[in-house]
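This report describes the architecture of a multi-chain assembly and the surfaces through which its chains touch. The sequence and structure are shown below.

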Amino acid sequence: MTTTHTLAVEHLTLGYADRVVIDSLDLAVPPGRITAIVGANACGKSTLLRSMSRLLAPRGGHVLLDGKQVHRLPAKQLARTLGLLPQAPTAPEGITVADLVGRGRNPHQRVFSRWSSEDDAAVAAALDATQTAELADRSVDELSGGQRQRVWIAMALAQQTDLLLLDEPTTFLDVSHQVEVLDLLTDLNLTRGTTIVMVLHDLNLAARYADHLVALAGGRLYAAGEPAQVLTQECVRTVFGLESQVITDPTSGKPLMLPIGRHHVTTGAQTGVGVSVGG
Amino acid sequence: MTQLATPVVPDVAVVRRPARVRLLWFLVALALLLAFMTASVAFGSRTVGWSDILAAFGGADETMEQAAVTKRIPRTLLAVCVGAALGLAGAVMQGVTRNPLGDPSILGVSMGASLAVVTAMVTFGLSTATGYIWAAILGAAIAAVFVYAVGSLGRGGATPLKLALAGAATSAAFTSLISALVLGRNDVAGGFRSWQIGGVGGATYDSIRQVLPFLGVGFVICLLSARALNSLALGDDLAAGLGERVALVRGIAGLGSVLLCGAATAVAGPIGFVGLVVPHVCRMLVGLDHRWLLPFSALLGASLLTAADVVGRVVARPAEIDVGIVTALIGAPFFIYIVRRQKVRQL
Amino acid sequence: MSTTTLEAVTRGRVRRTRRRHVVLTVLTLGIVAAFAVSLMAGRTFYPPADVLAVIAGENVPGATFTVGTLRLPRAVLAALAGACFGLGGVTFQTMLRNPLASPDIIGISSGASAAAAFAIVTLQLDEVGVSVFAIVAGLAVALVIYTLSFKDGVAGARLVLIGIGIAAMLDSLTAYVLSQAAEWDLQAAMRWLTGSLNGATWQETVPVAVAMTVLVPLLLSQTRNLAMMQMGDDTAAALGVRVERTRILVIVAAVGLIAFATAATGPIAFVAFLAGPIAARIVGPAGSLLVPAALVGSLLVLAADFIGQFAFDTRYPVGVVTGVLGAPYLIYLLIRTNRAGGSL
């Protein structure tokens with residue numbers, strides 16, 4: 001994958017019925033990097049992602065892929081460049097892993113075209129990349145949460161897109177599977193140069209795995225940039241309404257956010273604001 | 001023990017009603033019932049005058065008009081009894097299953113009763129009204145247990161959706177079996193047809209007299225369960241914590257409703273939606289306390305069925321629309337309205 | 001990319017395709033066999049030679065009437081109607097991602113049937129008029145159900161329940177229309193309430209065949225899109241499917257097929273509901289269920305009609321047979337889905 005596509009949003013306004021969820025947002029996704037979007041619940045992260053993959057029409061502004069408006073592009077052509085893994089996708093009952101991954105080839109197939117060896121190759125490559133090859137004949141229903149998520153990512157990979165958008169890929173997974181999935185995405189980014197944009201609810205994992213961290217608050221962009229720059233006490237306070245201390249994670253060298261509540265706060269905690277410290 | 005769905009608190013603004021208001025509604029309902037009963041005797045597919053009505057009450061039977069009125073009196077009485085039974089049975093079913101969609105026809109109980117009656121008619125050659133009633137009650141009980149069992153399987157216990165689906169499937173199964181049984185027998189088919197749609201047209205004093213004891217016992221059992229149903233509404237665990245023996249209550253109340261439903265179906269055929277609509281309206285007027293809700297449902301059920309019968313006789317003169325059709329046409333939109341009001345996760 | 005993975009993937013796909021082809025072939029042979037038996041067997045048995053002669057247009061004494069006029073249109077209608085119901089049913093079940101959301105359970109068949117009964121009994125229209133009534137009613141019911149169940153998006157549970165309510169209403173309307181008929185004809189009632197092939201002639205069969213030549217290709221052209229939509233609207237859109245357009249096309253085609261078939265035979269109970277799940281069990285989870293469900297539907301109706309006619313002393317209409325067999329399967333499916341904690 002040598003071509004890099006640029007994805008950006010300009011003065012984007014999104015809403016449902018009478019609610020405005022995203023208000024005049026400008027954002028450029030750095031190509032070939034991993035971008036993570038964080039923010040409080042219902043701040044519009046998923047809505048933004050859905051709009052970037054054309055599932056939601058903007059009320060104002062544009063979503064631009066390589067400078068062209070996404071909503072003007074034919075559906076299948078877009079699907080060959082940009083892949084989306086939505087929240088909680090549903091697999092048809094009883095479907096095998098290989099078949100599900102094979103569904104990802106849809107954008108490359110014409111209406112009456114047959115399955116080709118190229119399609120088989122793409123599926124096999126996707127299975128290998130996600131280390132799900134040995135699961136190929138198993139039913140998706142039987143898999144663990146982490147395995148199932150890897151299979152969905154394999155399906156998105158079989159699409160062979162340069163851009164991959166993931167809406168909360170780690171929610172509902174236990175911690176080992178969360179790390180498994182994020183490591184896989186990092187592999188993809190490093191080996192294939194896939195641009196990855198993901199919405200994450202875990203701030204610390206986002207800070208660790210992202211090259212570019214985007215924080216949304218109240219439907220607007222609060223900050224965007226390198227995690228070390230974006231993840232500050234002030235940011236956590238504004239975006240999440242939470243007092244915290246931000247240190248450098250000794251295991252990864254990335255910023256680590258430590259939440260500070262009303263209890264279990266040591267005297268050494270640096271809060272920066274007058275919080276009564278007590279056990 | 002099977003777990004029922006978590007209780008649904010209806011979004012009725014005021015849940016408690018002062019006794020005075022309840023009493024008022026009660027009197028209104030009573031007056032309404034008397035009005036409908038009068039209308040039922042006075043109006044119908046044939047126009048009659050007041051003199052005819054008074055004469056018929058006196059026992060005279062000479063003119064066509066007087067004969068018509070004479071036939072309407074037992075018909076009205078039957079409509080009142082059956083309506084009360086169905087209204088009460090529905091309220092109890094909704095309380096026992098904590099399911100806003102509870103109704104003898106939706107839960108397949110009416111069809112179970114029907115199938116039992118047809119089987120008794122065709123296979124066992126039963127022909128007495130009392131025989132039918134016993135058969136119907138048995139059929140109703142079997143259907144109730146079966147639908148409840150099927151609907152309770154799996155996650156979430158007996159949710160309204162699962163119960164309704166189990167009921168619909170079971171009704172469909174029974175309907176097919178009834179068709180299969182009836183088709184072979186031309187002698188049965190004719191009388192079966194009008195009974196199948198659900199009507200009080202063939203009412204006689206005899207049939208009323210035979211069904212009354214069953215209805216009476218059913219009424220008593222149901223009304224006595226009122227307080228226990230109040231506790232049950234809080235959820236099985238809380239109810240047990242309050243000292244109710246949950247399974248016993250459910251069994252007894254269920255028995256009462258099955259008695260009512262079976263007897264009503266035996267004598268008037270499967271009539272749907274009365275048990276669904278009436279308790280909801282009653283809840284809006286007198287609140288959630290079953291000690292008021294149950295008798296009021298009986299009263300309102302009687303009114304509804306009597307009114308539906310009058311409508312059926314008047315709207316399509318000189319033909320009649322059977323009351324089961326009228327209740328379906330009114331009740332189904334109400335059913336849809338209730339479904340729409342529920343939040344999805346409560347379904 | 002390792003070659004073993006590629007081999008495994010190719011092998012798996014080939015295996016599943018082979019299974020599918022075997023099943024389709026067996027189903028087709030089954031249909032041909034059932035068709036042939038329907039033509040040959042009956043009160044009088046006609047050997048294959050006679051049957052073929054009649055089909056070829058020759059005049060064989062006795063056989064021409066029985067086989068050509070009575071049995072042939074009936075068998076053809078059985079096969080075609082079965083295919084229509086099967087296709088309609090599996091389409092709805094796939095689109096709504098719920099085996100219980102079959103058109104005969106959520107009231108679409110009831111609507112078509114009520115309209116057809118009304119058109120025939122009260123308005124006394126001809127075949128074309130009846131079919132038109134049925135399809136308009138079917139589409140109207142579909143629209144009403146969709147609109148009523150739409151409250152911040154469509155929830156499966158709500159749709160199914162509302163469909164059940166509407167079905168109850170329409171069924172009672174049908175019963176009313178029938179009770180108002182000049183003479184109470186149990187046969188007619190059975191036809192409109194459970195579906196029957198009695199008295200089937202070419203007049204009923206031809207509209208169904210014509211409708212199928214238009215609607216079936218339309219439906220099949222959306223096969224791949226439907227497969228994508230099984231994974232949810234968002235995933236399907238992400239894979240390049242135009243979701244709304246597909247949905248409308250597919251629903252119109254499915255309702256059309258069901259309406260035309262219902263206008264000819266009445267709502268043959270449970271075929272639309274059963275064909276899809278049965279096809280899924282025998283074809284396996286991969287691949288489109290459209291063609292298999294159509295074949296299963298045809299076979300079901302042919303077999304059920306034969307059983308209804310000759311297995312018992314009384315002649316039962318096909319709808320009663322499918323009803324008696326189908327309802328327990330529905331309950332079994334409910335039990336199985338509930339027990340597995342499935343999505344309803």
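## The sheet of chain A

Two strands are said to pair if DSSP finds at least two bridges between them. By that criterion, in this predicted model, chain A holds an open sheet of four strands in the order β2-β1-β4-β5, with antiparallel pairing. Its edge strands are β2 (19-29) and β5 (68-69) of chain A, each of which pairs on one side only.

Strand β1 (residues 7-16) of chain A runs antiparallel to strand β4 (residues 60-65) of chain A, and five bridges join the two. In this pairing, A8(A) stands opposite L64(A) in β4(A). Helix α1 (residues 45-52) of chain A packs on the sheet and touches β1, β2 and β4 of chain A. The direction of this helix makes about 120 degrees with that of β1(A).

## The fold of chain C

The secondary structure of chain C comprises 14 helices and zero strands. The radius of gyration of chain C is 21 Å, close to the 20 Å that the globule rule gives for 344 residues, so chain C is as compact as a globular protein of that length. Along its principal axes, the C-alpha trace of chain C spans about 70 × 50 × 35 Å.

Of the 344 residues in chain C, 57% are buried. Among contacts in chain C with a separation of 6 or more, 76% are between residues 24 or more positions apart.

## Contact between chains C and B

Chain C contributes 38 residues that are in contact with 37 residues of chain B. On the side of chain C that touches chain B, the elements giving two or more residues are α6 (156-179), α7 (186-194) and α14 (318-339) of chain C. Of these, α6(C) gives the most, with 13 residues. By class, this side of chain C has 26 nonpolar, nine polar and three charged residues.

## Contact between chains A and C

Chain A has 34 residues in contact with 27 residues of chain C. The elements that give two or more residues to the side of chain A that touches chain C are α2 (75-81), β6 (82-85), α3 (97-103) and α4 (117-129) of chain A. The largest share, seven residues, comes from α4(A). By class, the side of chain A that touches chain C has 20 nonpolar, seven polar and seven charged residues.

How values were computed: Residues are numbered from 1 along each chain as its sequence is written. Chains are lettered from A and ligands numbered from 1 in the order in which they are written. This is a predicted model: local features need pLDDT of at least 70, side-chain atom pairs count only at pLDDT 80 or more; totals for chains, interfaces and linings use all residues. Two residues are in contact if their C-beta atoms, placed from the backbone, lie within 7 Å. Ala, Val, Leu, Ile, Met, Phe, Trp, Tyr, Cys and Pro count as nonpolar, Asp, Glu, Lys and Arg as charged, and the others, Gly among them, as polar. The radius of gyration is taken over C-alpha atoms; the globule rule is 2.2 Å times the number of residues to the power 0.38. A residue is buried if 20 or more other C-beta atoms lie within 10 Å of its own, exposed if 12 or fewer, and partly exposed in between; C-beta atoms are placed from the backbone. Axes are lines fitted to C-alpha atoms, for helices over the stretch in contact, and angles run from 0 to 180 degrees between N-to-C directions.
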